[in-house]
Amino acid sequence: MQNGEPTPTGTTHSFSQPGLVLPGHLVQNQIHELVKTLPPPRKQNTACDACRSRKVKCNRLPGQDKCQHCLSKNYPCTHFVQQATSEKKRTAAARRPRGISTSSRLLDGHRLSPTDLNRSRSSHSPVGETGLPPWTKSTFGAPLHSRFGAFPNVTLQSSTPSLIYHLFAPPETGPSDSLFPFGSIKSRSSAYSAWGEMATKLEDETFRIQFAIDLVEVYFQIVHTRLPLLNPNQFRALLNLQTTGQRPILSNKQQEPLHPALIATVLAWGAKFSEHELLVADRQKNGGQSLFAKALLERCRELAESTKVHRIPHVQHVVIALLIEPLQCQNPSAENGFHGFWLNCGIRNLLGLQINHKSVMAEIKDSETRGTMIFAWWMACLADAFSAFYYRRKPMLDDDDYDIDFYTVDPADQEVLDPGKPSPRDQLEFLGYYSTAHALARISRQIARLLWRPTTDSEGIPLEAALLYTSELSKWRDSHLSNVGVPPNLAANWDFVSAVSACASDAQYHVMWILLFNAMDEFGVRDDSISPSGLKQVETVKRKVYEEALNASLRVSALAGVLTSNGYLKLDPAVMHVSIIQAGWLLARLARPEVQNCIEGLEQYSYAYEETKETARQIKHEYQQTLTRGFTFHEMNDTVPRPTSHSETMSTNSSTNGSSSYHAHHDPMDSYMTT
């Protein structure tokens, strides 16, 4: 284990698993620093006048006043043309502000006139002129002191202990307008029985505070490693669990108080993974599922809706929305499952803040805010592209909806002496990981848009598109997979963070082939030429996609087997589930015994996402049915090879390494997966 260190005294948490060392405070802060130290976007048209006139690249080394060309020619290195261009753009922006309104712009919860736009950009402070954060104001600008519908005793000025008191209140079984109403103090004790025998301890304020601290620590040890949207030290400091007084409203933007919905979201995440004795008793009483964790999730969403997180663009609202989405049930067919609502809310808030504009991002001076927003943007951008392909939805974003991109940190400019901060090498690896993910997301976005069109449903996938997608995915594999996927020697360094990160990016690529195979099986491949060469191309591309999909499903099955054996899937915040589910379904339809890895992985996944247990049962049933009746495919029916006998179906490479005659390319992880 490489990323665990002793936890400071007084900050221990209840999660424990033999052989598992989760990231401590030092690593948590390093992960956050990778986000915070993201460089500001590079401005375009920064060439000096001499280089601009000669139409050559202007290369100026850090710390020098002149570019290399002007130094060698002894020219004055001036930027008059650039200054004139920038001034023209600023004047045009003031006259015609971009945003979701044609007459004014909503930034950080305040309605700004065009004349205030530039001033707001320069300060970019999330605290209003009155010293109150913008989310404490109503849509009319007055401080919001009204009580929330589902939280009649909570306001935005309530202290954190008061907020926790109501978040941890027991449910009532009687009729009420609220999904989780709060009863009187006299009835609290008896109502706690639904959460197990330990739940009555929540009546004690000291216990509630310690329990809340435990949930926060579990969040930072498990969820933060995958979704580093918060500053761990800052969050702990601002949690303010003093039992008296109101939550502080400070004018310093670095000390803006935590949004109550953000606190609720972090606590709900912690309850999903924590092994606190209260939650263990709750799960034992309720068939392995925590009713307390479910109640906290519902209250988290109700609080976010009551405080208009989905309507008012603000930095904290973006973070809340992006954290709520993967927290929920991930089954799109379930009533409370994945429908993309909170993801779309986060994207709309980002667009309302104009984070998609390079010029806006470059002028955010505070590195904390800028780093958070850059990471939030790319997290939302990637999630939008991949989820659109996963669930056959139209992507909310297009390639030309943003002009910010990934940037390279110059190692010569970075000298990190603080051991709590990442090295330049770590920063480069971090930036490289997300830039390759974005390249894959663009392919996913292309495919999703095609599959969403009604003409694809009625006429099929054009041959040209099928050839393009297979080519693009193959090029991505050759260029990027070895850098971000599971390396052959990862067994020597198989800790929690490296395992889930490498496996997630590896599975992210491979599930694309499985989904493309499913789409071709459903819609077919259309060749408008109706020529012998065209028909041959159709069969070739179908065979190619089948081979890659089989290889991908075996690969994901192997990854799921390793993660399950280490107990990591019970700690996964909805990153690997789609890959495992899709691989499991394809292996079941092919009657491949490697499906067992996916079934066991989903059963372990149900510790935090209960819907995966039912999915595992359905996949197992499909596998058994296929053994009895044989393969059942549609447009790809003639492409899938048929075994000559039932015994061949069972014996074809039953090992989990996934190597078979159907493999499209050699898998470097095969030798490790068989150990």
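Visitor: Is Cys 58 buried, partly exposed or exposed?
Guide: This is a predicted model, in which local features need pLDDT of at least 70 and side-chain atom pairs count only at pLDDT 80 or more, while totals for chains, interfaces and linings use all residues. Residues are numbered from 1 along each chain as its sequence is written, and side-chain values use heavy atoms, with hydrogens and water left out. Buried means under 20% relative accessible area and exposed over 50%, with partly exposed in between (1.4 Å probe, protein chains only). With a relative accessible area of 23%, Cys 58 is therefore partly exposed.

Visitor: How many disulfides does a search of the whole structure find?
Guide: A disulfide is taken here as a pair of cysteine sulfur atoms within 2.5 Å. With that criterion, the number of disulfides found over the whole structure is 0.

Visitor: Which cysteine has the sulfur nearest to that of Cys 58, and which one is nearest to Cys 77?
Guide: Cys 58 is in no disulfide, and the nearest cysteine sulfur, at 3.8 Å, is that of Cys 48. Cys 77, which counts as buried at 16% relative accessibility, is likewise in no disulfide, and 3.9 Å away lies its nearest cysteine sulfur, that of Cys 70.

Visitor: What share of the residues in the protein is buried?
Guide: The protein has 26 helices and 4 strands, where helices (H or I, at least four residues) and strands (E, at least two) are DSSP runs numbered from the N terminus. Of its 675 residues, the buried share is 57%.

Visitor: Are H19 and H20 roughly parallel or roughly antiparallel?
Guide: Axes are lines fitted to C-alpha atoms, for helices over the stretch in contact, and angles run from 0 to 180 degrees between N-to-C directions. Angles under 35 degrees count as roughly parallel, over 145 as roughly antiparallel, 65 to 115 as roughly perpendicular and the rest as oblique. Helix H19 (residues 463–484) packs on helix H20 (residues 496–523) at about 165°, with the axes 11 Å apart. The two are therefore roughly antiparallel.

Visitor: How many nonpolar, polar and charged residues are in the contact of H19 with H20?
Guide: The contact draws on residues including Tyr 469, Leu 473, Trp 476 and Arg 477 of H19 and Asp 506, Tyr 509, Trp 513 and Leu 516 of H20. Ala, Val, Leu, Ile, Met, Phe, Trp, Tyr, Cys and Pro count as nonpolar, Asp, Glu, Lys and Arg as charged, and the others, Gly among them, as polar. Sorted in this way, the contact has 10 nonpolar, 4 polar and 2 charged residues.

Visitor: Are H10 and H13 roughly parallel or roughly antiparallel?
Guide: Helix H10 (residues 260–273) meets helix H13 (residues 315–327) at an angle of about 25°, with their axes 10 Å apart. H10 and H13 are therefore roughly parallel.

Visitor: How do the residues of the contact of H10 with H13 divide by class?
Guide: Among the residues making this contact are Leu 262, Trp 269 and Lys 272 of H10, together with Val 319, Ile 320 and Leu 323 of H13. By class, the contact divides into 10 nonpolar, 2 polar and 1 charged.

Visitor: Which helices are included in what covers the buried residues of H6?
Guide: Helix H6 (residues 160–167) is mostly covered, with 6 of its 8 residues buried. Those buried are Thr 160, Pro 161, Leu 163, Ile 164, His 166 and Leu 167. The cover includes H8 (205–223), H10 and H12 (291–306).

Visitor: Which residues does Asp 398 touch, not counting residues up to four places away in sequence?
Guide: Asp 398 sits in the loop between helix H16 (367–390) and helix H17 (424–452), and at 28% relative accessibility it counts as partly exposed. Its C-alpha atom is separated by 7.9 Å from that of Arg 445, 47 residues apart along the chain. With residues up to four places away left aside, Asp 398 touches Arg 445 and Arg 449.

Visitor: What value is phi of Lys 308 near?
Guide: Lys 308 is placed in the loop between H12 and H13, and at 18% relative accessibility it counts as buried. Its phi is positive, in a residue other than glycine, and is near 60°.

Note on methods:
Contact = heavy atoms within 4.5 Å.
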